[in-house]
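Welcome! Here is a short briefing on one protein chain, written for a first look. Keep the structure open beside the text as you read.

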Amino acid sequence: MRNGAFAGIVFAGLMSISIATAQIADAMERGGSISWRFLSGNYEITGAISQSGTLSAGDPVMFGFQDLNNDGVALDVLLDLAQLLPDVGLNYQVPLIATVLSDDGITAIVRWTGALDPNECIQVNLGATVNVLVTHVEGSLQGAVMRIACQPDHLGLLPHYATLQVVPNGGDTYNYLRAQGYLFCVPQDTFLINARIFNMDWIGYGGGVPKSLGNVNEDCIVDDADLLTVLFAFGSSDPDTDVNGDGIVDDADLLTVLFNFGTGG
Ligand SMILES: [Ca+2]
Ligand SMILES: [Ca+2]
Ligand SMILES: [Ca+2]
């Protein structure tokens, strides 16, 4: 065999392997968002105040993926603490930056981490309302992402069908929320309080093909059903068919469907 042909075959083989190894994270990014629900956990406050207890399930929330650190991976999310812990009074959005730790095409391990130093005296509800100088807020989530059969989102939030499920991975080391501050806003060691949420259980759903990629009917694939829907609505302002959301169904939407035709499945 000629060396060139052999090299070509090896190169093609390597290319297909490299494509296969990144496919879970790519599918997650393509989905554009994740639905997420906190199921259970424990909390503990130590220092100037001592408290501990259990946390029950919260309402499902949806995180839209962004590329907050401009590293080309749009899997970062803004964790809204007010949404996660509505009664506490921590109205901060923690930017959680995603790192894909591994992806063998069957399971991907993704870690989200972020921190804020607000240095702000705010009212916090710790059973009773107290003033706390919040100095530091930090969070980490780590999940194992696996494929599921294409289906409506179990949590009922994703507009399109889901193809991925995310479950906690890495235990307390990588699944926690922490906050630090000073009681009564007095920045002295005696008034220091540390709060943490640990033993977290949660679940998430993602993947699929969003409408913005031409999946007009938001099922499992961009196919002739989506194409026909755009063609029938062509020239109208039907918001359900307006793929790019610019107010009109026109050739731009049609091209998006054609460009992504076959995506999903
Ligand atoms: Ca990023
Ligand atoms: Ca479709
Ligand atoms: Ca449009």
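A residue is called buried if 20 or more other C-beta atoms lie within 10 Å of its own, exposed if 12 or fewer do, and partly exposed in between, with C-beta atoms placed from the backbone. A nonpolar core is then a set of buried Ala, Val, Leu, Ile, Met, Phe, Trp, Tyr and Cys residues joined through C-beta atoms within 7 Å. This is a predicted model, where local features need pLDDT of at least 70 and side-chain atom pairs count only at pLDDT 80 or more, while totals for chains, interfaces and linings use all residues. Residues are numbered from 1 along each chain as its sequence is written, and chains are lettered from A and ligands numbered from 1 in the order in which they are written.

**The cores**
- The largest nonpolar core has 35 residues, and Met-28, Val-110, Val-145 and Leu-164 touch the most other members.
- Strand β8 (residues 128–151) contributes the most to this core, with six residues; strands (E, at least two residues) and helices (H or I, at least four) are DSSP runs, numbered from the N terminus.
- Another core lies apart, with eight residues, including Val-216 and Val-257.

**The domains**
- The domain assignment, automatic or from a database, gives domain 1 (3–206) and domain 2 (211–259).
- Their C-alpha centres lie 32 Å apart.
- Six residues of domain 1 are in contact (C-beta atoms, placed from the backbone, within 7 Å) with seven residues of domain 2.

**The whole chain**
- The chain has six helices and 11 strands.
- Of its 265 residues, 29% count as buried.

How values were computed
Two residues are in contact if their C-beta atoms, placed from the backbone, lie within 7 Å.
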